[in-house]
Amino acid sequence: MKLFGYKLPMMSSLLIWAVLWEIVGQLDMTILLPPLSAILAKMVEIVPTNSFLSAFGVTARAFLVGTGFAVAIGIPVGVLMGKSVLIDRLLLPWVNMFLSAPLTALVPVLMVLFGIGEQTVIITTALFAIWIIVLDTRAGVKQISSSLVEMAHSFGASSFQAFFKIYIWAALPEILAGVRIGFIRAVKGVIIGQLLVSVVGFGRLFELYSANFLMEHFWALLLVLFFAAFTLAEGLGYLERKVDYYAASRAP
Amino acid sequence: MTSQGNTALKTTQDAPQSDIAVSVRNVSKIYGGAIHALNDMTLDFPRGQLTSLLGPSGCGKTTLLKIIGGLLDQTSGEILVNGKPVDGPGPDRAFVFQDFALMPWATVIRNVAFGLELRGIAKSEREAVAEKYIAAVGLSGFEKQYPHELSGGMRQRVGLARALSVNADVLLLDEPFSAVDEQTRRKFQEDLLALVEHEKKTFIFVTHSIEEAVYVSDQIALLLARPSRVSEIIKPDIDRSISPDALRRDPVYLDTVERIWSSLRSYVE
Ligand SMILES: Nc1ncnc2c1ncn2[C@@H]1O[C@H](COP(=O)(O)OP(=O)(O)OP(=O)(O)O)[C@@H](O)[C@H]1O
Ligand SMILES: [Mg+2]
């Protein structure tokens, strides 16, 4: 990175904030904000510990299963909504409602229904991710040129073949965008689920750290989470850019 | 390339090899209970020949083609392909689309082999067939390219190769050349004539262009709108052994174009 008249790379603003954080931290203004260097040191210290690794395992599993459900259900539902006006009319109000609903408020209800445990966390995660996946998939399917669908049909494609060979590919740019945003929401979902259920994974660690005012631990965990979400989003963003070339050439 | 003039020959269930490949019987199509796109249309398509559907915009050419292709249901009437009533798309018919309808995420060879892929034919086998038709439409060397890397004319050649590779008896072409430039279009028309001769298939060809219809067709069905019907069947009696350029100056060719034009004009006015 260069300064004074030179072009700065994208992430350089983060560096400025990091420096600012370090200064404020060193000034010892508040117990809530330890210096960044201390947090990073703490991160290196706690990441290899057993309690961290097992919490990471539990969280990663809940995340993967939850987003797995969101993708496996969200994409077919989105395709159906894009294809059928009737299904669209039936489901769209609900999807829109859940997309903007404060899902956190639902978690206690889920706890009653599914118990205080991993199941509830997984369902919370899926609920955070699924609606945007449905909506984006639907938007992707709606712009598929009708002749592409007729083509598949005229060459004898079954509904199954049309789904796997035409719909998800033709709508792929939108689907990937939905999955990327859905996954970011799911990171939020899995932590909120664990926090409210408060017996498992990172949620339990967060609870533990903040209750005991272990702010270095707290921030270290948050940073780990931030990096995980960032890597995930970048990875999916990379895939999205790879299919960009045909997003432009699909127009009917 | 002589038109045999046997359209009166009856097609029956037990004579699938009759000289009529596709028979349209009293077909009507009403969209949404109000728009009469086709009205009691009856028309025969002789086997191994190219029949053009020619007519003004909105007279139901695409509608008829899609009904024959099984992509649309008729409101009443019957379509027979090789003597059997049509109920949905089938391997005996293949479509060529006006906007090409290629999969932008798939290579040329995968696009061409797509019909066979859907039938579950092994990859090596279907690619061998695709290869053959890619060569037949003059696209050898472009197998691994993607559609967006090709010109409009080349894309339609891919669409044509895809339709040929499933080895259907009947090819349905909806204004296949309308999205390509004039030079490409002429070359296409010449290639199409060669295909009709070599492939021994029945071609049903929708076009807006009178010249194109006269140039490529064994038989032209003039359609008129409101109520949509076949007004006239014209069999251009053109000597195709002469060169394409000479043909376009041929008096019979010019007369036929003129005759169709005056026919259409009398309805337009
Ligand atoms: N899906 C549809 N719903 C309602 N009306 C339709 C539909 N498709 C076509 N039509 C109407 O039916 C009539 C025939 O349409 P069609 O597309 O078959 O005409 P065409 O001869 O192919 O026209 P063009 O030369 O412009 O392609 C038109 O009046 C059109 O507006
Ligand atoms: Mg049309």
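An oxygen atom of ligand 1 sits 3.0 Å from a polar backbone atom of B:Gly60. The exercises below start from that contact. The model is predicted: local features need pLDDT of at least 70, side-chain atom pairs count only at pLDDT 80 or more, and totals for chains, interfaces and linings use all residues. Residues are numbered from 1 along each chain as its sequence is written, chains are lettered from A and ligands numbered from 1 in the order in which they are written, and side-chain values use heavy atoms, with hydrogens and water left out.

**Exercise 1.** Find which polar side-chain atoms contact ligand 1 in B:Lys61 and B:Tyr31.

Solution. 
- Apply the cut-off: a polar contact is a pair of N or O atoms within 3.5 Å.
- B:Lys61 places a polar side-chain atom 2.7 Å from a ligand oxygen.
- An N or O atom in the side chain of B:Tyr31 is 3.4 Å from a ligand nitrogen.
- Now take the cover. Ligand 1 has 630 Å² of accessible area on its own, and the protein covers 63% of that (Shrake-Rupley method, 1.4 Å probe).

**Exercise 2.** Describe the shell around ligand 1.

Solution. 
- Collect residues with a heavy atom within 4 Å of the ligand. There are 13, and B:Ser57, B:Lys61, B:Thr62, B:Thr63 and B:His208 are the closest.
- Sort them: four nonpolar, six polar and three charged. Here Ala, Val, Leu, Ile, Met, Phe, Trp, Tyr, Cys and Pro are nonpolar, Asp, Glu, Lys and Arg charged, and the others, Gly among them, polar.
- Assign elements, which are DSSP runs (helices H or I, at least four residues; strands E, at least two). β2 (35-46) and α1 (61-69) of chain B each give at least two shell residues.
- α1(B) has the largest share, three residues.

**Exercise 3.** Trace the partners of β1(B).

Solution. 
- β1 (20-31) pairs antiparallel with β2(B) over eight bridges. B:Val22 faces B:Phe45.
- Three residues separate the two strands in a hairpin; B:Gly32 in the turn has a positive phi of about 55 degrees.
- β4(B) (76-81) also joins β1(B), antiparallel, by five bridges. B:Val24 has B:Ile79 as its bridge partner.

Notes
A polar contact is a pair of N or O atoms within 3.5 Å; within protein, one must be able to donate a hydrogen and the other to accept it, and residues adjacent in sequence count only if both atoms are side-chain atoms. Two strands pair if DSSP finds at least two bridges between them.
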